[in-house]
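Here are some notes for a colleague who is opening this structure for the first time. Please read them beside the sequence and the model.

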Amino acid sequence: TATIVNMSKKIGFSGYSELVFSMQNPIAPSVSLTNELISDEQVTAFNTLLQTYRDHRIMVLASGFSQNIANYISEALNLYGFRATVNSHLEFLREAMEDNILIFLISNSGETQRLIELAQLAQEHQIATIAFVGVEQSTIGSLAQLTISSQTYSPKAFHEFEPNLFFGTALNQFELLLSGALKSIYQRTNEATD
């Protein structure tokens, strides 16, 4: 009994009961969740952009409640060695920076005026942008190089006490995309060193 309990703890479970529960209730593969929230094309485009800008600056722009998502994205990218900042150094949007910076834009409505202006400036200067929006056909969504939409925006949600699914969905989409990109980046790195 002691050997089984110790083995359970060594592989990450609190004890035998948790091991048995885990074996009886396997976790569903994340593929179905991935396919529901993001497309294969979005995964490929995100992987390419993160690989391209791996050693460059990444700027995450948002306002209001979306600022929390921007902070999370920036911290997660920094954790994995990317150079991400939140809402700073807007001089990086000048024309000479097009190959040196990647911009993330986060807006539930996709119609945040200041972010639209920045997205237009980025497009004029051919700076790569990734937008997380609640409406794909929004202004910001149409200006971004890669648009990840939750399709959850509703202007009535706040007044009618409806759940606002944008923020949770955007985080899930980002986590799925980042996971895929990191696997892709580190597999290439490992293959190159072999």
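## Notes on the model

1. A loop residue to begin with. Gln151 sits in the loop between strand 5 and helix 8. The model is a predicted one, and in it the phi angle of Gln151 is near 55°, a positive value in a residue other than glycine. Most residues other than glycine have a negative phi. With a relative accessibility of 48%, Gln151 counts as partly exposed, because exposed would require over 50%.

2. Is Gln126 buried or exposed? Its relative accessibility is 64%, so Gln126 counts as exposed.

3. Overall make-up. The protein has eight helices and five strands. Read from the N terminus, the order of elements is α-α-α-α-β-α-β-β-α-β-α-β-α. The protein has 194 residues, of which 40% count as buried. Among contacts between residues at least 6 apart in sequence, 71% join residues at least 24 apart.

4. In what order do the five strands of the open sheet lie? The order is 2-1-3-4-5, and the pairing is parallel. Strand 2 (83-86) and strand 5 form the edges, each pairing on one side only. On average, neighbouring strands of this sheet are turned by 15° against each other, direction ignored.

5. Helices on the sheet. Helix 5 packs on the sheet and touches strand 1, strand 2, strand 3 and strand 4. The direction of helix 5 makes about 160° with that of strand 2. Helix 6 packs on the sheet as well, with contacts to strand 1, strand 3 and strand 4. For helix 6, the angle to the direction of strand 3 is about 155°.

6. Strand 4 and its neighbours. Strand 3 and strand 4 pair in the parallel sense over six bridges.

7. Burial of strand 4. Why can strand 4 be called largely enclosed by the rest of the structure? Six of its six residues are buried, so the rest of the structure largely encloses strand 4. Ala128, Ile130 and Phe132 point one way from the strand, while Thr129, Ala131 and Val133 point the other way. Residues on both sides are buried.

8. The largest nonpolar core. This core has 33 residues, and those with the most contacts inside it are Leu50, Leu77, Phe104, Ile106 and Phe132. Two or more residues each come from helix 4 (40-52), strand 1 (57-61), helix 5 (66-79), strand 3 (101-107), strand 4 (128-133), strand 5 (146-149) and helix 8 (166-193). Helix 8 gives the largest share, ten residues. Another core lies apart from this one; it has 16 residues, among them Leu115, Ile116, Ala119 and Leu143.

9. Phe104 as an example from the largest core. Leaving aside residues up to four places away in sequence, Phe104 touches Phe46, Leu50, Ile58, Met59, Val60, Leu61, Ile73, Leu77, Ile130, Phe132 and Phe174. Of these partners, Leu50, Leu77 and Phe132 are, like Phe104, listed among the residues with the most contacts inside the core.

10. Ser8 belongs to helix 1 (residues 2-10). How far from the side chain of Ser8 is the backbone oxygen of Ile4? That oxygen lies 2.9 Å from a polar atom of the Ser8 side chain. Ser8 has a relative accessible area of 0% and is therefore buried, the limit being under 20%. Not counting residues up to four places away in sequence, Ser8 touches Phe13, Gly15, Tyr16 and Leu19.

Definitions and conventions: Residues numbered from 1 in each chain as written. Predicted model: local features only at pLDDT ≥ 70, side-chain atom pairs only at ≥ 80, totals over all residues. Heavy atoms only, no water. Core = buried A, V, L, I, M, F, W, Y, C linked by side-chain atoms within 4.5 Å. Buried < 20%, exposed > 50% of the residue type's maximum accessible area, 1.4 Å probe, protein only. Helix = DSSP H or I, 4+ residues; strand = E, 2+ residues; numbered from the N terminus. Contact = heavy atoms within 4.5 Å. Pairing = 2+ DSSP bridges. Axes fitted to C-alpha atoms, helices over the stretch in contact; angles between N-to-C directions. Polar contact = N/O pair within 3.5 Å; in protein donor to acceptor, adjacent residues only side chain to side chain.
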